[in-house]
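Dear colleague,

Please find the structure below, together with its sequence. My notes on what was found in it follow directly after.

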Amino acid sequence: MNKIDFDIVIIGSGVIGHSIAFRLKQDAPHLKIAVLGDPVNSLQASRAAAGMLAPFCECDEADPFFKFCRESLTKYPEFLKELASVSEVSVHHSFAGSLMPASSYRETWEERKAFFAREDIPHEVWSSEKVRQKAPYLAEDCGEVMWVGEGQVNNRQMHSALIQASGRRGIHVLEANVSGFIRDGASILSAVTDSGNINGERFVLASGSWSSQLARVLEVSIPLKPIKGQMCRVQLADHFMDYTLHGKMTYIAPWREGNGFVIGSTMEDRGFDPSVENAVIDRLIANAAEILPCLKTAPLIESWAGLRPAAEDLMPIMGKSGRYENLLYSSGHYRNGILLTPNQADYMSALMRGTLDNEIPEFSPSRYNL
Ligand SMILES: Cc1cc2nc3c(=O)[nH]c(=O)nc-3n(C[C@H](O)[C@H](O)[C@H](O)COP(=O)(O)OP(=O)(O)OC[C@H]3O[C@@H](n4cnc5c(N)ncnc54)[C@H](O)[C@@H]3O)c2cc1C
């Protein structure tokens, strides 16, 4: 492979890169698009995540980020339907909702309730008696529990479906590691890979936690770093619990279809460290068992680590570069990149087609002079 010319070259084959390609090719079928990704990257966040679609449990103020997350949740059912019809890969998902026990949010419980009421978030507060009827598996000292109307998706299946759908929509998926760029002044001409140079009209940096390394090659300094999460999955029967459970420093997400429950997660500022530590996994399970006691004896299926791409202000970085005339960014989706996938794909596609009405200043690369 030596000289290939594309209209759009997307660097990063996680859910962010693939979903941009998927949406853009639908919106502008004439575009020749390539997605480049390092296939041996086991730390990529898109397969490491728990798949919670949780704008309400994750956010506590109605800022532009919350609004964007909420819109993305609304787009999810249609997005998954479209993805399934193109990919023919089944992606398990559920909108049964989340549970938040009061015992995990002692100091902020009243604030959380007020926020949910003020923002008209679909929720119910269950008394301890109601909890005993509706969720008898919870620990007795959970107190009141809030049911919240949000969702969950099997993100590994969704990532596989996006890769399949990209291929079917005629996107070139190249398993290539980008090591550099050929530039001409403020213009990028090619991405340099082991398989040759990939020439493009425009480039999108969507390389998750690795975006800052790649940007450095372009002499751009993105204040973004990986925040490691260690996770595990345990065996529990599907019918055991329909909801995702959010506790203090813990969450438990049902993966269904016999896949057990995912328990997360640590937040570690340790660079690109891939290690998984038994003691940490034991602690995750012990924390989770404080609200779901049966986890103490649930067999462990697997454990892993992944890297969340975190910008300094913890906001996504989405938009046009001010330094290169043909470069765009979509990175920094941190703890919510699975949730944000549909809305960020629409946003980036509209931006690239020149139809985006309002750019969101809080997400703009210009805040970091990129
Ligand atoms: C433990 C954990 C739990 C999470 N749980 C949730 C959750 O429940 N809900 C939620 O919404 N979000 C969750 N997230 C966050 C979410 O997973 C991420 O925000 C999202 O997956 C980021 O996607 P991405 O495509 O930007 O990055 P990644 O998935 O990391 O993909 C980056 C891509 O760039 C490629 N790449 C890197 N370097 C190069 C190179 N030099 N050349 C070519 N390609 C390169 C990699 O191979 C990879 O394909 C979680 C994350 C972690 C780690």
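Two residues are taken to be in contact if their C-beta atoms, placed from the backbone, lie within 7 Å. This is a predicted model, in which local features need pLDDT of at least 70 and side-chain atom pairs count only at pLDDT 80 or more, while totals for chains, interfaces and linings use all residues. Residues are numbered from 1 along each chain as its sequence is written.

By that contact criterion, and leaving aside neighbours within four places in sequence, proline 316 touches Gly332, His333, Leu340, Gln344 and Phe363. Proline 316 and glycine 332 are 16 residues apart in sequence, yet their C-alpha atoms are 4.4 Å apart. Proline 316 lies in the loop between strand 17 and strand 18 (317-320); helices (H or I, at least four residues) and strands (E, at least two) are DSSP runs, numbered from the N terminus. Proline 316 counts as buried because it has 26 C-beta neighbours inside 10 Å; the cut-off for buried is 20 or more other C-beta atoms within 10 Å of a residue's own, again placed from the backbone.

Turning to the sheet, eight strands form an open arrangement with mixed pairing, in the order 6-7-5-14-15-16-13-17; two strands pair if DSSP finds at least two bridges between them. Strand 6 (123-126) and strand 17 (300-311) are at the edges with a single partner strand each, so one side of each has no neighbour in the sheet. From one strand to the next, the twist averages 20 degrees.

Strand 13 (residues 224-234) pairs with strand 17 in the antiparallel sense over eleven bridges, and with strand 16, also antiparallel, over three bridges. Valine 234 has leucine 300 as its bridge partner in strand 17 and phenylalanine 261 as its bridge partner in strand 16. Ten of the eleven residues of strand 13 are buried, so the strand is largely enclosed by the rest of the structure.

Finally, helix 1 (residues 15-27) and helix 10 (residues 337-353) pack with their axes 8 Å apart, at an angle of about 45 degrees. Axes are lines fitted to C-alpha atoms, for helices over the stretch in contact, and angles run from 0 to 180 degrees between N-to-C directions. The residues of helix 1 that meet helix 10 include Ile16, Ile20 and Leu24.

Yours sincerely

Notes
A residue is buried if 20 or more other C-beta atoms lie within 10 Å of its own, exposed if 12 or fewer, and partly exposed in between; C-beta atoms are placed from the backbone.
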